[in-house]
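Here's a quick briefing on a two-chain model. Have a look at it first, then read on.

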Amino acid sequence: MNRSHVGDDAELYVIGALEPAERAEFEAHLKGCTDCAKRVADASQVATALAMSLPAYEPPHRLGRRLAQADGAQVAPRRRFSLWAVVAATAVAFAGVLGWQDAALYQERARTTVALATIVHSHFRHVTMTSSSVGPAAKVLYARDGAWVYIVVDRPVAGVRAVLWRGATARDAGALQPSGGVSTLFVSDANRPERIVLHEPLGVTASATLTY
Amino acid sequence: MEQTDGELVDGLARDFAAGRQGALAEAYTRFGRLLYTVARNALHDEAAAEDCVHDALLRVWRTPGAYRPERGNLRAFLVTCVRNEAMTMLRSAQRRAVREERFERLEPDTQEGIEVPDHVEARRLRDAMQRLPHQERAALELAYFGNRTQREVASELGVPLGTVKSRLSAAIRRLGAELRVEGTPA
């Protein structure tokens, strides 16, 4: 049923005052009525203000875990954090007792260890980067929820930086690190980028579009 | 080149509307405390409030087209969904209680450590409510803070159902106008 308009129902709807049958009818109407959608949008701001005036309760931790499970967000942030902390602390400790070169080498291995450990505990996808010239082959591994990205270029490169795009906003994620025969960059807080572009000092090297 | 919080919330709203993985958990991280507060104040029961938020969020996240940006910002949309879910559960619990002939209105629970808000927005709302016509304020207080149905409000105030609808609608619209006029989006 799609009534022409719904009288006062928009305001009653946002505070939960409609009876179940009225609410079902109103929600059906709402799907096709932009005027009522606008009225609900306005009224729901008041409902939010009312909600914020209520005595606040802290939700149980179990609720967050249940929703994260339903969402498929399998990587527990606390675990990733502790892994980072352990590796970083160990790297710092080694830097104190080893020479600089050895410490740098250890830190590079530590970065790789963190990246690989995170990947092992994640569901991820990969995409081959499209090169704008005859450049090196490159690939992006990325978490299905966009939490991290791991960029791998098949040769050592210097001064190549990765820029992460989401909508119209770009973020410089840093320079790729050459190591052995490849260059890599692991971004642990990627924040669901939609596109990754590699820039060398003279221009764009490669890009990839990420899908979720 | 970091994103602003507003841009992140816009991105979250798009992801949530599309039912993308990660959006549900992120929405809960941002708005969970407020949503749980809405459910808990209506249901006065920890387990019921948990189920209420869980079920309401999951349903709208999994239903294509359930959330559209023209329905308002994501937080306001979710607050409305949880409030409606809570009222459905409350009515159902009350019907069960009536069937079992031990009906009594649920009283506020007594968990210690709850925080009674005294921030600027809460004070603005309280001030705006004080400026409402008495009859509208009485209807809104019974319906929202007292969790009464329209019919219960009508019965308690001794007025026709249509009058209750009009008073509630006018009260919400008047509050919206007051809060917007004061300079900060409601």
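This is a predicted model: local features need pLDDT of at least 70, side-chain atom pairs count only at pLDDT 80 or more; totals for chains, interfaces and linings use all residues.

Residues are numbered from 1 along each chain as its sequence is written, while chains are lettered from A and ligands numbered from 1 in the order in which they are written.

**The two chains**

- Chain A has six helices and ten strands; helices (H or I, at least four residues) and strands (E, at least two) are DSSP runs, numbered from the N terminus.
- Chain B, by contrast, has eight helices and zero strands, and its pattern along the sequence reads α-α-α-α-α-α-α-α.
- Of the 212 residues in chain A, 34% are buried, and for the 186 residues of chain B the share is 41%.
- Here a residue is buried if 20 or more other C-beta atoms lie within 10 Å of its own, exposed if 12 or fewer, and partly exposed in between, with C-beta atoms placed from the backbone.
- Take the contacts with a separation of 6 or more: residues 24 or more positions apart account for 53% of them in chain A and 63% in chain B.
- Two residues are in contact if their C-beta atoms, placed from the backbone, lie within 7 Å.

**Where A touches B**

- Chain A puts 55 residues into the contact, and chain B puts in 61.
- On the chain A side, the elements giving two or more residues are α1 (9-14), α2 (20-30), α3 (34-52), α4 (61-71) and β6 (169-175).
- α3(A) gives the largest share of that side, with 16 residues.
- By class, the chain A side has 28 nonpolar, eleven polar and 16 charged residues; Ala, Val, Leu, Ile, Met, Phe, Trp, Tyr, Cys and Pro count as nonpolar, Asp, Glu, Lys and Arg as charged, and the others, Gly among them, as polar.

**Two helix pairs across the contact**

- α3(A) packs on α5(B) (residues 120-130) at about 110 degrees, with the axes 9 Å apart.
- Axes are lines fitted to C-alpha atoms, for helices over the stretch in contact, and angles run from 0 to 180 degrees between N-to-C directions.
- That makes α3(A) and α5(B) roughly perpendicular; the labels are roughly parallel under 35 degrees, roughly antiparallel over 145, roughly perpendicular from 65 to 115 and oblique for the rest.
- In this pair, A:A49, A:L50 and A:M52 meet B:E121, B:A122 and B:L125, a contact with five nonpolar, no polar and one charged residues.
- α4(A) and α3(B) (residues 46-62) have axes that come within 10 Å and cross at roughly 20 degrees, so the two are roughly parallel.
- Here A:R62, A:L63, A:R66, A:L67 and A:A70 meet B:E50, B:V53, B:H54, B:L57 and B:L58, with six nonpolar, one polar and three charged residues.

**Nonpolar cores**

- The largest nonpolar core has 75 residues, and B:A27, B:A39, B:V53, B:L57, B:L78, B:V82 and B:A86 touch the most other members.
- A nonpolar core is a set of buried Ala, Val, Leu, Ile, Met, Phe, Trp, Tyr and Cys residues joined through C-beta atoms within 7 Å.
- Helix α2 (residues 23-43) of chain B supplies the largest share of this core, twelve residues.
- Leaving out residues up to four places away in sequence, B:V53 touches A:L63, B:L35, B:Y36, B:A39 and B:V82.
- Another core, of 26 residues, lies apart from it and includes A:A138, A:Y142, A:A206 and A:L210.
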